[in-house]
Amino acid sequence: MHNIDIALVEMTLDVMKYAINRITNTSPELGKPEKAETLKEKVGDTVTPEGIGGEKAFQLFRDVLVKATVPIDHPRHLAFVPAAPTRAAVMFDLVTSASSIHGAYWMEGAGGIFCENEAMNWLVSLTGMPEGAFGVFTSGGTAANLSAMVTAREYWRRRAENRNRKGLIITSVGAHSSIKAMAKVIDADVLLVEVEDLMTAGHLKAKIASLSSEQRQRLFAVVATGGTTNAGIVDDLESIAGICREQKLWFHVDAAYGGGALVADSVRSLFKGIEQADSITIDPHKWLFSPYDCGTVIYRDPELAREAHEQEGSYLEIFKDEGARGFNPADYQIQLTRRLRGLPLWFSLATHGTDRYKWAVERGIELANLAGKMITEDPKLELVRPPSLSCVLFRRKGWQEAQYKDWTFKNHRDGLALVAPTKWKTRDAVETVARFCFINPDTTEEDIRIILDTMS
Ligand SMILES: *Cc1c(COP(=O)(O)O)cnc(C)c1O
């Protein structure tokens, strides 16, 4: 497989040329999904005993298959949480692959893990957590939340009386679906504070007071959100931290989406109290311009994470001798063999400097505020709530769910934009509304205008 022949060199050039073109293309065609049967009809059998050849396979990918995907970095992709990886980061993702580094243990990955840790030091500094706090790169927010929840649960179960108890976690309606999903993985129950707007100490206190004594014994953690995925709402972290300290509960802040905003002076005060967390999730693949996939989990006391996650195995022992002189990422989260997924972020930070990151995140916030202003000035539109971080929820007066859906599909079909409706929950009602989430600093005011004009 390693013989370099002419065909392989040509193939490499083709692939590199494609990659360079794609990296430099800031407004790629907005692709759309097709049925698997349709794609199969178009490309035929691709995995065969003889192989179809790299040239053919690549041509099918380039001309057919990639067109059935949606580029998340399109400047008018404002649905879900889009992304806008820097060119530097994407290029270094290629380098990360080409370098074939095993990122689990210092013994094999030292130089690369060093780079990840440089980027991690910066992230930890943004949180304001005390000396000793540190973190590790994961595949994303879900894996980060799971790693934090396992750490919290193991810490709680140190006490003999908790050893056979089923854990209980309190979070809010605004929390991301992965909290509930990962609670299933660790077989813990979840109770929700019934607010989609920000969770405060008052809500949390009332929820704790409503627990039976059996439930109170099982309660071991509170998950607050540092920027809800739906609306960009930051819970009242400082007052929640106070309750957690008082009640001896693990305090996890899920800032997978919002964590990037820690770098933005204009909104940093919203996160006051995050420095008191026991663990924090931040996804660089959301608002820190890294390619997929790249999440992080940061711990106030990484030793607790190591106790929960370190794997043992006879073939792994050697790493712990000679290799133990450095940081072993495998010991602090759920995954063993791992890509050095923090490397693209490191290279991009080193290339651009952290001030550029501050600018790019502030630009997302600025775009949200601009959109808010345009919506307020348009008589047929109305804000549901003021823009928060880079999310904007708004109504097209008179529209019902079906019209929002038609609007989404039409814009996508036309290759114009990907903007999707969402639901906004209040105590009495659930309403379908329109939503923007800005990540890409290349999005312009004109892009927003074009999309709003499709709502007339
Ligand atoms: C996106 C998101 C997650 C899940 O992260 P993945 O990287 O998709 O696994 C978790 N929490 C919040 C708040 C998020 O926005």
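In what order do the strands of the open sheet of 4 strands lie, and is the pairing parallel or antiparallel? Point 2 takes this up, after a note on the model.

1. Basis. This is a predicted model, in which local features need pLDDT of at least 70 and side-chain atom pairs count only at pLDDT 80 or more, while totals for chains, interfaces and linings use all residues. Residues are numbered from 1 along each chain as its sequence is written, and side-chain values use heavy atoms, with hydrogens and water left out.

2. The sheet of 4 strands. The order is S8-S9-S11-S10, and the pairing is antiparallel. Strands here are DSSP runs of E of at least two residues, and helices are runs of H or I of at least four, both numbered from the N terminus; two strands pair if DSSP finds at least two bridges between them. At the edges stand strand S8 (381–383) and strand S10 (421–425), each of which pairs on one side only. Neighbouring strands of this sheet are turned by 50 degrees against each other on average, direction ignored. The axes behind such angles are lines fitted to C-alpha atoms (for helices, over the stretch in contact), and angles run from 0 to 180 degrees between N-to-C directions. Strand S9 (residues 391–396) and strand S11 (residues 430–437) run antiparallel and are joined by 4 bridges. Leu393 has Arg435 in S11 as its bridge partner.

3. The sheet of 7 strands. An open sheet with mixed pairing has the order S1-S7-S6-S5-S4-S2-S3. Its edge strands are S1 (134–138) and S3 (189–193), each pairing on one side only. From one strand to the next, the twist averages 20 degrees. Within this sheet, S4 and S5 pair in the parallel sense over 5 bridges. Ala224 has Val253 in S5 as its bridge partner.

4. Domains. The protein is divided into domain 1 (2–30 + 33–69) and domain 2 (100–352), with bounds that come from an automatic or database domain assignment. Their C-alpha centres lie 37 Å apart.

5. The largest pocket. Pockets and cavities are found on a 1 Å grid over the protein atoms alone: a cavity is a set of points where a 1.4 Å probe fits but cannot get out, a pocket is an open set with protein on both sides within 12 Å along at least five of seven lines, and lining residues have an atom within 4 Å of a point. Grid points are joined across faces, edges and corners, and a volume is the space filled by probe spheres set on the points. The largest pocket holds about 1,700 Å³ of space. Of its 50 lining residues, Ala19, Arg22, Ile23, Asp73 and Val90 lie nearest its centre. Domain 1 and domain 2 each give at least three residues to this lining. Helix H1 gives the most, with 12 residues. By class, the lining has 28 nonpolar, 11 polar and 11 charged residues. In this count Ala, Val, Leu, Ile, Met, Phe, Trp, Tyr, Cys and Pro are nonpolar, Asp, Glu, Lys and Arg are charged, and the others, Gly among them, are polar.

6. A salt bridge. Arg22 forms a salt bridge with Asp73, with the closest N and O atoms 2.8 Å apart. Arg22 lies in helix H1 and Asp73 in the loop between H3 and H4, so the pair ties together parts that are 51 residues apart in sequence. The structure holds 30 salt bridges, each a side-chain nitrogen of Lys or Arg within 4 Å of a carboxyl oxygen of Asp or Glu.

7. The second largest pocket. This pocket has about 630 Å³ of space. It is lined by 26 residues, and the closest to its centre are Tyr155, Gln247, Lys248, Leu249 and Trp250. H10 supplies the largest share of the lining, 4 residues. The classes are 12 nonpolar, 4 polar and 10 charged.

8. The cavity. The count comes to 1 cavity of 30 Å³ or more, and the largest cavity has a volume of about 40 Å³. Among its lining residues are His176, Asp254 and Tyr257.

9. Backbone points to check. Most residues other than glycine have a negative phi, and most peptide bonds are trans. Lys248 is not a glycine, yet has a positive phi of about 55 degrees; Lys248 is in the loop between H10 and S5. A cis peptide bond, with omega about -10 degrees, joins Tyr292 and Asp293. Asp293 is found in the loop between helix H11 (284–287) and strand S7 (295–299).
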